[in-house]
Amino acid sequence: MAAVSPVPRFDRLRVAVAGDMIADHYVVTEPRGLSREAPVMVLRHRSEYLGAGGAANVARNLRALGANTLCLGAVGRDATGRELSQLLASEGVGVSDLHYVAGWTTPTKTRIVAAEPRRSRQQVLRIDREPDAPADAETRARVASRVRALAGEIDALVVSDYEYGAVDLDLARAAVELARGGTVVVLDPRRQLEGLDGVTALTPNVGELARFTARSPERLNDPLQLARAAHALLSKIRARWLLVTRGNLGMALYGEGCPEDGLSVDASGTGNVTDVSGAGDTATAVFALALAAGEEPPQAMRLANAASGVVVMEHGTAVCTPEQLALALPLSPAAPPSSPSSPSSSARTVGSS
Ligand SMILES: Nc1ncnc2c1ncn2[C@@H]1O[C@H](COP(=O)(O)OP(=O)(O)OP(=O)(O)O)[C@@H](O)[C@H]1O
Ligand SMILES: [Mg+2]
């Protein structure tokens, strides 16, 4: 039986995240009943707190696994920007390259959740606060030049694009220069692809892969179509690996050393799926760290999948510690290929968790 390697040591790695920082603002309430003013529910305010989303969530995830983590990007020069920065700093993420941009809004997702005492909570409404335009060009140029200056200083760079404009051509080129110099550069793509050819790996979800390759997401349920789309994107961006995250269907890996039809893992997790938001950030963080730690890409996928299976069991965006990852990693050897008729059999299975 093939032995499963333990969780690699991540605490010697130096990593950076550049991209769109997002604040996840939660307002926790208790339902009171119907309003007499309008046909709406009345909620009693209980508490509120701030969490990290987007690139900020990737940074928290990298740090929780022990890596020496630096965050590069912009937040608004406002209370939310400050609080987000403080949250990251309190967890040991380096925030000296977070720029506070006057007059710019920190992208913020406010989620109103309602819960009866001791009952599971439910999202009632989401309000997005968004900047009208990307942060100013000077700030973005400073981030890109800082990325260039990190050549030889870091083991991995994650570029996290959430379409708020942080990932521009300049940053893309800086990231690719690092990749050419031997740094592991992993892109979680949303919009920008221009200038990014030559990154080490990409981690799109199925919807993003479909959009980048002008296909319908439904078509990518078909294993053959998924593989074709993956190879189309791989040759467009000339990355070494493409990790497609497939929500509750797990993940599939394509590229160097993989069979043409890819390798797959079924979704991990033994408990209840509570909140999938940010699971893709965890996947990207762990995949990048594992590659930087010298893991083979199929094992990096299994680690990423196991960690994602941990965070979907928690409320809000969450992180996975090395201890949680060790418990979540399947103790079983590689599973046999899944049945060709199952939607998760799009690629050869390398060990489901
Ligand atoms: N419902 C689920 N059940 C089990 N695992 C899940 C579920 N949803 C997501 N995951 C795990 O998390 C990984 C990443 O999720 P997903 O494909 O939804 O990423 P995403 O769309 O980029 O998420 P986000 O952008 O919100 O971070 C999946 O590949 C899988 O391992
Ligand atoms: Mg994502």
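Does Thr-29 count as buried or exposed, or what else does its relative accessibility say? Put simply: is Thr-29 buried or exposed? In this predicted model, Thr-29 has a relative accessibility of 4%, so it counts as buried, the cut-off being under 20%.

Thr-29 belongs to strand 2, which covers residues 21-34. A polar atom of the Thr-29 side chain lies 2.8 Å from the backbone oxygen of Val-113. Setting aside neighbours within four places in sequence, the contacts of Thr-29 include Leu-43, Arg-44, His-45 and Arg-46, along with Ile-112, Val-113, Ala-114 and Ala-115.

Four strands form an open sheet in the order 3-2-6-7, and their pairing is mixed. Strand 3 (41-53) and strand 7 (122-129) are the edge strands, each pairing on one side only. On average, neighbouring strands of this sheet are turned by 20° against each other, with direction ignored. Strand 2 and strand 6 (residues 108-114) run parallel and are joined by seven bridges. As a landmark, look for Val-27, which stands opposite Ile-112 in strand 6.

Helix 1 (residues 54-64) lies across strand 2 and strand 3, and runs at about 65° to strand 3. Helix 2 (residues 79-90) packs on the sheet too, where it touches strand 2, strand 3 and strand 6; its direction makes about 60° with that of strand 3. Returning to helix 1, nine of its eleven residues are buried, which leaves the helix mostly covered. Among these buried residues are Gly-54, Asn-57, Arg-60 and Leu-62. Just after helix 1 comes Gly-66, with a positive phi of about 105°.

Another pair of helices is worth a visit. The axes of helix 3 (residues 137-149) and helix 4 (residues 169-180) come within 9 Å and cross at roughly 5°. Angles under 35 degrees count as roughly parallel, so helix 3 and helix 4 are described in that way. In their contact, helix 3 contributes Ala-141, Val-143, Ala-144, Val-147 and Arg-148, while the residues of helix 4 include Leu-171, Ala-174, Ala-175 and Leu-178. The residues of this contact divide into eight nonpolar and four charged, with no polar ones.

Our last stop is strand 11 (residues 241-245). Five of its five residues are buried, and therefore strand 11 is largely enclosed by the rest of the structure. In a regular strand, side chains alternate between the two faces of the sheet. Strand 11 has both faces covered: Trp-241, Leu-243 and Thr-245 are buried on one side, and Leu-242 and Val-244 are buried on the other.

Strand 11 also has pairing partners to follow. Strand 10 (residues 201-202) pairs with strand 11 in the parallel sense over two bridges, and Leu-202 has Leu-242 as its bridge partner. With strand 12 (residues 251-255), strand 11 pairs in the antiparallel sense over five bridges; here Leu-243 has Leu-253 as its bridge partner. Strand 11 and strand 12 form a hairpin with five residues between the strands, and in this hairpin Gly-247 takes a positive phi near 55°.

Definitions and conventions
Residues numbered from 1 in each chain as written. Chains lettered and ligands numbered in written order. Predicted model: local features only at pLDDT ≥ 70, side-chain atom pairs only at ≥ 80, totals over all residues. Heavy atoms only, no water. Buried < 20%, exposed > 50% of the residue type's maximum accessible area, 1.4 Å probe, protein only. Polar contact = N/O pair within 3.5 Å; in protein donor to acceptor, adjacent residues only side chain to side chain. Contact = heavy atoms within 4.5 Å. Pairing = 2+ DSSP bridges. Axes fitted to C-alpha atoms, helices over the stretch in contact; angles between N-to-C directions. Parallel < 35°, antiparallel > 145°, perpendicular 65-115°, else oblique. Nonpolar A, V, L, I, M, F, W, Y, C, P; charged D, E, K, R; others polar.
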